[in-house]
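Reader: I have a new structure to look at. Can you take me through the terms used for it, one by one?

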Amino acid sequence: MADSAEKSDKAKEREALKEQQRLEKLAKFEAKKKALEDAKAAAAKKPVAVKAKKEKVKEEPEAIVPDTTPFGQKKDLSMPYAAAYNPTQVEAAWYSWWEKCGYFEPELIDGKPRPEGTFVISIPPPNVTGSLHIGHALTNSIQDTLVRWNRMLGKTTLYVPGCDHAGIATQVVVEKKLMKEQKLTRHDLGREVFVKEIWKWKEEFGDKIYNQIRRLGTSVDWNRVQFTMDPGPSDAVVEAFVRLHEEGIIYRENRLVNWCTKLKTAISNLEVENLELEGSKFLSVPDHDPTKKYEFGVIISFAYQLEGTNEEIVVATTRLETMLGDTAIAVNPTDARYKDKVGKFVIHPFNGRRIPIIADDYVDKDFGSGAVKITPSHDQNDYAIGKRHSLPFINIFTDDGKVNEEGAPFTGIQRFDARVAVLAALKEKGLYKGTQPNPMQLPICTRSGNVVEPLMKPQWWVNCKDMAQEAMNAVKRGDLEILPKASEKEWFLWLEKIQDWCISRQLWWGHRVPAYFIKIKGQENDAMEGKFWVSGRSEAEAFEKALARFPKIAKKDITLEQDPDVLDTWFSSGLWPFSIQGWPNKTNDLKNFYPNAILETGWDILFFWVARMVMMGIKLTGEVPFKQVFCHAMVRDAHGRKMSKSLGNVIDPLDVIEGIALADLQARLDSGNLDPREVVKAKEGQARDYPNGIPQCGTDALRFTLLNYSSGGRDINLDILRVEGYRKFCNKLWNAVLKMGLEKLGPHFMPQPAEIYITGKESLADLWILNKLNIAARDANAALEQRNFMLATNVVYNFWMYELCDVYLEICKPVLAGTDEVARRATRDTLYTCLDAGLKLLHPMMPFVTEELWQRMPRRDNDVLRETIMKARYPVEIEAWHHPQADIDFENVNKVVRAARSLLADYNIKKEGQLFVQTTNDALFTTLQEDGVNITTGLIKGAKSLTVLPKGKPVPAGCAVTPVSGDCNVYLLVKGMVDFDAEITKLESGKAKATAALADLAKKMQAADYLVKVKAEIQELNLNKKATLETELVTLNAAIKNFQSLKNM
């Protein structure tokens, strides 16, 4: 304890020392600031100032003071700001203040949306399992940008948060946890206790996702947070099922499903991933002997013997074990080889079953032997043939993937062990004909890693045909827009071929199917007969339906048994946009906020989720659930690989925001659920991609990067270094607003009232930057309207970096350091307008740093929206800032700037440069005389002065010249500024090297066998090199001649 106290005291001493150092630095900085403001030559000393700033940036992290703002209160900005941007400090406190102030809540007037309109988004509910990944961060960044933008346009906005119960995923996670911690299965606990365990797990870990959403700056209304298993959404699920069942749209049937023998449940197509095999490959299978591997990627040929003859028909299969359930051999009706055999039978070699030979157009007579084995219960194509020909459907597997009694004599063994055993038995009977490599796709369950088995199961299905047609009609009518347009084409292709949807899942976690089997005393009723099933909003309602169904049966002789299955998670998710607004009740929220404005999601779930929402929304509410669908790209790693835990490239957004060491990344893998072999592989991947860990970048930089990647393509290859680059942009903003902006404006500056956009005292540079601001506002709004987030971010970034910071702020320096009070006031007003509007333009994309900087700026007296930048009005194009002629005039002056810079560089003059410009163009002369000097001296580093010479006035002796245009030249006084002899010596040295290199190259190219022996591409390279050297010599000779003439002036 004593050691601990001593360490604590030392820590306090270190903190006190750091604070003292910070205050000393601050005092030095204030002294420098005063000196710079008093000196007219401040611009000339810029290199020194820049160097000092860089040193302070490096030291600043040591002096960061932790934020102590009480939760929900506004950050105190009265303390001096930090010397450099730090995301931890900047992002602190703002979110809780926004939330407590109610800024995320929809703004209603007398219970109705604002006249500007509404903008509503329902967050695609992430699975409650685990945490958000970088793809979720992209979704949140795009959606929150749109919400914040529309809020700043004055609309009533609502962004609803929530989580999905994620049936299979959550049950698997909790089952693994139970086994790892207690060595128990869910069956050991029983359904009721196991479901309680899941709820306990959800309460413990479910908030992790919500904390991540907060850290991303997502402005959702937390008063409306929803979980798909909450009472409201659960009631909506029951109502939807009952309505659709009563209409006959939901029905029960025994059909093929994707079955996972490890999880013992049907799974959706989304939970199936196809493993591409180029040929034979031996693989382990999760629910089999871990010491064994089984061969896939081959096709095996074997023979059936015709009944009563010695003739054989050869068939081939990639799933040999399924021959135990064969019920037909199919041939093409036009195949002459088998015409006399159609209608005859072959005999099954293991159970003696008579198997008919049938004719079907499905069979390709040119593939293999032209004869195909048909197993209707275990293959989708065979299922269709079985239905067409009324074949027997024989299921040969149990739910856990073992061969049942129908597969005797192989009963009781696992399906791929049966594959091996059947092959051996066929060889023994002399029926095996050969094995060939066969490229194929092997369906894998993404939840368990197991090979998916097509299996016949009695399930609840949704007839989607009519609803799909309505979903297509909605797009054709323009009620629903799908972006990008490529996704719209896929929309129609998929919906035109839509299959009925299996909504049963053999799980315990989820919405239990509200359907009941009617049991009548003394009767053995078939569970496949629809008349014995009723649905109900409650068991009591279902019982009343049962009594009405069988009025002659005594009430006491009827009992109900609820289906033990739960509904597919996508069923409840399909109701999300309206169930969270209170449907089926006619609530004010449903009236005000449905339909949503947009559904933003990944293109990969366009059909699994989006199409189902549209189908069910139209069917159950009579309206499309949203007016627009925007499909963003899939986020991949920098190498273009899909994010995968086993590759170690899954990125937690918080790791990018906060930064994380490689050791901590890898420690997280050790505590996860990955197989030990996969952990090794994942660690290797992390060490390659993040050898130094992930640097701290902050939320704003992460959001901006993800938005900037969003160009409408299908994939994003995310490079973390690019995020770090935008963190530096945040530092640029910090310096521009605080060090260059507020310090130049002065502590007593008060901006003009909001309605005064221009005073008439503005310089050319002022009018130019306002025109650029106007263009940026116009283009940013247009890009956001078009959902072109790459363009929107580029527009705002370019305004800040290349127009405001690189140009206008530099022009401001000499003006604000001067004595012309009219010019100083006009420049300050313009600078304030640009900083204020620039931050507003950027706010939807970078919410934290813009709020911090905006709050530090003075407010206009009559600005009623002054509490938060969130509620400020987004800049739009206005006539007062429209100055296209200023753009033209400024560009002409800028040509002078570029020419002057070139001259200074050519003569290596880095300071005290004396420049002159002369033009015969009267309009340009006036522009240069009135505004050119301030603009050019602010932008040309190394220039002491620039003098505009009237036409006809002699140019000072000793000047070098470069043309700007046909009627304008720029001159640089070089006499007395340049050591001509030293420059000529350097040029002569360069000339000698170039001459020698050219001679050596010419010698090689003149060799007798050069054209024969040297490759054509090398010859081409040498020709290009020769041309480059010749051009270089021309340039060097011209430069030498020029210096010699200047020397002799």
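Author: The questions below go from the whole chain to single residues. This is a predicted model, where local features need pLDDT of at least 70, side-chain atom pairs count only at pLDDT 80 or more, and totals for chains, interfaces and linings use all residues. Residues are numbered from 1 along each chain as its sequence is written, and side-chain values use heavy atoms, with hydrogens and water left out.

Reader: How many helices and strands does the protein chain have, and what counts as one?
Author: The protein chain has 33 helices and 35 strands. Both are DSSP runs, numbered from the N terminus: helices are H or I with at least four residues, strands are E with at least two.

Reader: Why is S448 called buried?
Author: Buried means under 20% relative accessible area, exposed over 50%, and partly exposed in between (1.4 Å probe, protein chains only). S448 has a relative accessible area of 16%, so S448 is buried. Of the 1049 residues of the protein chain, 52% count as buried.

Reader: Where is S448, and which residues does S448 touch?
Author: S448 sits in the loop between β19 (440–445) and β20 (453–462). Contact means heavy atoms within 4.5 Å. Not counting residues up to four places away in sequence, S448 touches C260, K262, L263 and P286.

Reader: What does the side chain of S448 reach?
Author: The side chain of S448 reaches the backbone nitrogen of N450 at 3.2 Å. A polar contact is a pair of N or O atoms within 3.5 Å; within protein, one must be able to donate a hydrogen and the other to accept it, and residues adjacent in sequence count only if both atoms are side-chain atoms.

Reader: What makes a nonpolar core?
Author: A nonpolar core is a set of buried Ala, Val, Leu, Ile, Met, Phe, Trp, Tyr and Cys residues joined through side-chain atoms within 4.5 Å. The largest one has 169 residues, and F729, W800 and Y907 have the most contacts inside it. Helix α26 (residues 789–816) gives the largest share of this core, 16 residues. Another core lies apart from it, with 72 residues, including L244 and F578.

Reader: Which residues are in contact with Y907?
Author: Leaving aside neighbours within four places in sequence, Y907 is in contact with A960, L972, V974, V978, N1042, F1043 and L1046.

Reader: What makes helix α19 mostly covered?
Author: In helix α19 (residues 606–621), 14 of its 16 residues are buried. G622 follows α19, with a positive phi near 85°.
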